[in-house]
Amino acid sequence: MNFAFTEEQEELRKTVRAFLEAKSPEAAVREQMETDNGYDAAVWSQAGEQLGLQGLAIPEEYGGSGYTYVELGIVLEEMGRALLCAPFFSTVVLAANTLIHSGDEAAKQAHLPGIAAGTTIATLAFTEPSGKWDESGITATATNNGGSWSISGTKMFVLDGHTADLVIVAARTGKGVSLFAVEGGAAGLTRTALSTMDQTRKQAKLEFANVAGTLIGTEGEGWTVLSRVLDLAAIGLAAEQVGGAQKVLEMAVEYAKVRVQFGRPIGSFQAIKHKCADMLLEVESAKSAAYYGMWCAAELNDELPSVASLAKAYCSEAYFHATAENIQIHGGIGFTWEHPAHLYFKRAKSSELLFGDPTYHRELLAQRIGI
């Protein structure tokens with residue numbers, strides 16, 4: 001099996017990187033993270049209309065380009081590198097994947113074309129105040145009243161939940177966990193933006209009080225769909241983490257070359273050399289894990305669940321360690337608000353906890369491979 005990227009994939013990387021360097025420099029990231037919506041609508045539209053990024057991995061019959069998870073992973077890696085402030089992860093990785101794997105033709109026809117065009121912002125609401133990432137954490141309920149469903153409960157840590165036009169909600173019915181489509185402005189839905197450590201990725205609390213929803217897929221089969229989507233999301237996040245880790249490694253090495261102390265570059269000191277060498281080793285290993293995960297996701301093979309947990313656990317720790325070492329190598333200036341090092345550090349910490357921390361995923365991996 002050849003894991004090298006094709007010329008077309010490398011071209012995609014180059015195009016996306018050039019776009020993000022122009023549209024998501026540090027100044028733009030700082031500007032967007034201070035806003036309520038957390039993204040630039042013009043850049044979001046451009047990504048959809050001119051580059052087709054939102055529809056990249058959506059099948060062609062629903063208005064997408066029909067590429068695989070490998071191409072999507074490349075885009076996510078570049079977005080992680082640039083710390084792009086946009087509802088891309090929630091819309092494309094969480095919501096679109098849920099729709100694609102739901103097996104519900106009507107729901108796909110209704111929602112995927114809007115997502116692919118960049119006109120619909122969507123998200124997935126499944127975690128609750130308990131903070132559990134597994135099936136047992138879903139306690140919100142959905143009741144069938146003569147053919148129409150109403151949902152009650154509270155969802156927490158919903159990515160871009162306060163701005164989404166479409167919210168896919170996991171709730172329990174008499175048959176088990178089921179998925180529902182809810183309009184962002186539905187009656188009875190209260191959306192509150194949360195104060196987060198990582199300001200570049202917005203989260204919200206959603207409170208449902210008998211909110212009307214439309215069933216997606218088969219009642220009671222929601223967790224089967226969700227568990228696959230969460231594996232795909234873990235790999236998508238791992239790709240994003242790898243992009244950020246590579247960027248902070250470059251930042252640290254560049255600084256080590258130009259910062260002079262005692263009449264020589266600090267990169268010539270053994271302690272700094274060791275830090276940079278360790279970072280390089282971890283970043284390259286993280287890439288291997290993430291890229292293998294992207295291939296498994298593209299193939300939807302039997303290895304996907306175990307590789308998803310492996311990649312999420314390893315890439316989370318590699319990224320967090322790289323951001324911490326980057327601050328150490330920068331010394332005093334690395335701790336300041338003006339330096340971008342802290343933006344990557346906060347993103348790394350929040351990404352480490354998102355969808356379950358490394359300990360949770362190592363335990364999951366052990367279960368999945370039967371240890």
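Analyst: Lys155 has Leu206 in E7 as its bridge partner. Strand E3 (residues 148-159) and strand E7 (residues 203-216) are joined by 8 bridges and run antiparallel. This is a predicted model, so read each pairing as part of a prediction.

Stay with E7. Strand E6 (residues 189-193) also pairs with E7, through 5 bridges and in the antiparallel sense. Here Ala193 stands opposite Ala204 of E7. Strand E5 (residues 176-183) is joined to E7 as well, by 3 bridges, and again the two run antiparallel. Look for Phe180: its bridge partner in E7 is Leu215.

Now the helices. Begin with helix H7 (residues 222-258) and helix H10 (residues 341-353). Their axes come within 11 Å and cross at roughly 155°. An angle over 145 degrees counts as roughly antiparallel, and H7 and H10 are therefore roughly antiparallel to each other. Their crossing is left-handed. Which residues meet? From H7 come Leu237, Glu240, Gln241, Gly244, Lys247, Val248 and Met251, and from H10 come Tyr344, Arg347, Ser351 and Glu352. Sorted by class, this contact of H7 with H10 holds 4 nonpolar, 3 polar and 4 charged residues.

H10 has another neighbour to check. The axes of helix H9 (residues 304-330) and H10 come within 9 Å, with a crossing of roughly 155°. That angle makes H9 roughly antiparallel to H10. The crossing of H9 and H10 is left-handed. On the H9 side, the contact is made by Lys312, Ser316, Glu317, Tyr319, Phe320, Thr323, Ala324, Asn326 and Ile327. On the H10 side, Ala341, Tyr344, Phe345, Arg347, Ala348, Lys349, Ser351 and Glu352 take part. By class, the contact of H9 with H10 has 8 nonpolar, 4 polar and 5 charged residues. Pick out Tyr344 of H10 on your screen: Tyr344 is listed in the contact with H7, and Tyr344 is listed in the contact with H9.

The axes of H4 and H5 come within 11 Å and cross at roughly 155°. H4 and H5 are therefore roughly antiparallel to each other. Their crossing is left-handed. H4 brings Tyr69, Leu72, Val75, Leu76 and Met79 to the contact, and H5 brings Phe88, Phe89, Val92, Val93 and Asn97. What classes do these residues fall into? The contact of H4 with H5 has 9 nonpolar residues, 1 polar and no charged.

Side chains of opposite charge can pair when their charged atoms come close. Glu77 and Arg13 form such a salt bridge through their side chains, at 3.2 Å from N to O. Glu77 sits in H4 and Arg13 in helix H1 (residues 7-23), 64 residues apart, and the pair links distant parts of the chain. How many salt bridges does the model have? The count comes to 16.

Methods:
Residues numbered from 1 in each chain as written. Predicted model: local features only at pLDDT ≥ 70, side-chain atom pairs only at ≥ 80, totals over all residues. Heavy atoms only, no water. Axes fitted to C-alpha atoms, helices over the stretch in contact; angles between N-to-C directions. Helix = DSSP H or I, 4+ residues; strand = E, 2+ residues; numbered from the N terminus. Parallel < 35°, antiparallel > 145°, perpendicular 65-115°, else oblique. Left-handed = near helix turned anticlockwise from the far one by under 90°. Contact = heavy atoms within 4.5 Å. Nonpolar A, V, L, I, M, F, W, Y, C, P; charged D, E, K, R; others polar. Pairing = 2+ DSSP bridges. Salt bridge = Lys/Arg side-chain N within 4 Å of Asp/Glu carboxyl O.
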